[in-house]
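Here is a short briefing for a reader new to this structure. Start by looking over the sequence and the model.

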Amino acid sequence: MSRQQTSSQDPIRCIFDRLFKRFGPQHWWPGQTRFEVMVGAILTQNTNWANVEKAINNLKAHGLLEPRALYKLDKDRLAMLIRPAGYYNIKAGRLRALLEWLFTRYKGDLDALANVPTESLRQQLLSISGIGPETADSILLYALDRPKFVVDAYTARIMARHGLIEPPFDYDQLQDLFHRHLPADLGLYNEYHALLVRLGKQYCRPSPRCQGCPLEDIPHVIEPQGSVDQ
DNA sequence: GACCAGGCACATC
DNA sequence: GATGTGCATGGT
């Protein structure tokens, strides 16, 4: 198999190089504050980002994209404001659960999270109802500058379709694949995840239509499963 | 009208 | 432990 125009023999790094060369920097996460990123991470669950933006703009327009203001907001009213993002009753509850944690444990002060070790913070986020591994890691990476690689549906589909990991696999196994092959670098994790989403939107839909995919000649290397032993 | 989108919790077997 | 289902809007 050829290695032309790849700057690394490691397939995981090779994919990043290829995507960055093709698509360039993605400037993620599209949010102006840490709190906006946290809210967006919940609103975007199984939802198109364009719809999330509508909901975020509603909150902004009402001056509610700030922890204390949102914490004081009635749940039904919150649900109506985030309606364009879908699952609005569920997500209103999830946002309230996040705020409840933030205020009960940290008095609503995002700066107070800075001293909490990453793994402890991750466990705390995962203990909040409505925050699973992807949402937790999105918050950790994009809002709180912690080097956790974010795995999403696109990541799973792309890696499986290009033979980099053998199904069945779970979130932790896929994340571990990236953690083992990459340095713990915030900028790299940030850009890589964004690039995978960029690729997935155009070339890696559920129904295959992969012509012109910039990864089509990446060597297919099935990874041994990660060290998730029980 | 069908499919899809930057998940997660819960019920059931 | 694995699998199925509900949650919902809006663009293509």
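**Residue P11**

P11 sits in helix 1 (residues 11–23). Helices are DSSP runs of H or I with at least four residues, numbered from the N terminus. This is a predicted model: local features need pLDDT of at least 70, side-chain atom pairs count only at pLDDT 80 or more, and totals for chains, interfaces and linings use all residues. Residues are numbered from 1 along each chain as its sequence is written, and chains are lettered from A and ligands numbered from 1 in the order in which they are written.

- P11 is buried, with 20 other C-beta atoms within 10 Å. Buried means 20 or more such atoms within 10 Å, with C-beta atoms placed from the backbone.
- P11 and H181 are 170 residues apart along the chain, and their C-alpha atoms are separated by 8.8 Å.

**Helix 7 and helix 8**

- Helix 7 (residues 118–126) and helix 8 (residues 133–143) pack at an angle of about 135°, with axes 9 Å apart. Axes are lines fitted to C-alpha atoms over the stretch in contact, and angles run from 0 to 180 degrees between N-to-C directions.
- T118, L121, R122, L125 and L126 in helix 7 meet P133, A136, I139 and L140 in helix 8. Contact means C-beta atoms, placed from the backbone, within 7 Å.
- The residues of this contact divide into seven nonpolar, one polar and one charged. Ala, Val, Leu, Ile, Met, Phe, Trp, Tyr, Cys and Pro count as nonpolar, Asp, Glu, Lys and Arg as charged, and the others, Gly among them, as polar.

**DNA strand B**

- 28 residues surround DNA strand B, and the closest are Q45, N46, G132, E134 and T135. Near means a C-beta atom, placed from the backbone, within 6 Å.
- Helix 8 gives the largest share of the surface near DNA strand B, four residues.

How values were computed
Helix = DSSP H or I, 4+ residues; strand = E, 2+ residues; numbered from the N terminus. Contact = placed C-beta atoms within 7 Å. Buried ≥ 20, exposed ≤ 12 C-beta atoms within 10 Å, placed from the backbone.
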